[in-house]
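Please look through the sequence and the model below, which the following paragraphs take from the whole chain down to single residues.

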Amino acid sequence: MPATLDSFKQDFPAVWGAYEQLRNSCDQAGPLDTKTAELIKIGISVALEHGGGLVAHISQAKKAGAQANEIYQAILLATGLAGFPAVLAAVSTAKNYLNP
């Protein structure tokens, strides 16, 4: 995914810049701290089955101070909405990332 993202940034810099601006505006639009926002984004990534987004937001959550148990809870909370297979896959991804 990083190579694809890097290529996209090079090929479409104005689109990438607009996306970053929108994303940053959304991140700053309310009272949530960075850690909480990243934990929510983990749950969204699970529900949408976006593996690349899941890894990116696990990384950002860790940088914001999230502990492994908080990351796993964010994944588990998606069970009722995303289904067990999506959660099982996400737990596997998280374990690979958190315990290399």
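Among contacts in the protein chain between residues at least 6 apart in sequence, where a contact means heavy atoms within 4.5 Å, 52% join residues at least 24 apart. This is a predicted model, in which local features need pLDDT of at least 70 and side-chain atom pairs count only at pLDDT 80 or more, while totals for chains, interfaces and linings use all residues. Residues are numbered from 1 along each chain as its sequence is written, and side-chain values use heavy atoms, with hydrogens and water left out.

The protein chain has seven helices and zero strands, where helices (H or I, at least four residues) and strands (E, at least two) are DSSP runs numbered from the N terminus. Its C-alpha atoms fill a box of roughly 40 × 30 × 25 Å along the principal axes. The accessible surface, calculated by the Shrake-Rupley method with a 1.4 Å probe and, for residues, with only the protein chains shown as cover, comes to about 6,600 Å², and 60% of this belongs to carbon and sulfur atoms. Of the 100 residues in the protein chain, 26% are buried, a word that stands for under 20% relative accessible area, whereas exposed stands for over 50% and partly exposed for values in between (1.4 Å probe, protein chains only).

In soluble globular proteins, nonpolar side chains tend to be buried together. Leaving aside residues up to four places away in sequence, Ile58 touches Ile42, Ile71, Ala94, Tyr97 and Leu98.

Other nonpolar residues lie on the surface: Leu5, Phe8, Phe12 and Val15 form a nonpolar patch with about 330 Å² of accessible area together. Leu5, which lies in helix α1 (residues 2–11), counts as partly exposed because its relative accessibility is 32%.

Finally, Glu49 is found in the loop between α3 and α4, and its phi is near 55 degrees, a positive value in a residue other than glycine. With a relative accessible area of 61%, Glu49 is exposed.

Terms used
Patches are made of residues with over 30% relative accessible area and no salt bridge: like charges are joined within 9 Å, nonpolar side chains (Val, Leu, Ile, Met, Phe, Trp, Tyr) within 5 Å. A salt bridge is a side-chain nitrogen of Lys or Arg within 4 Å of a carboxyl oxygen of Asp or Glu.
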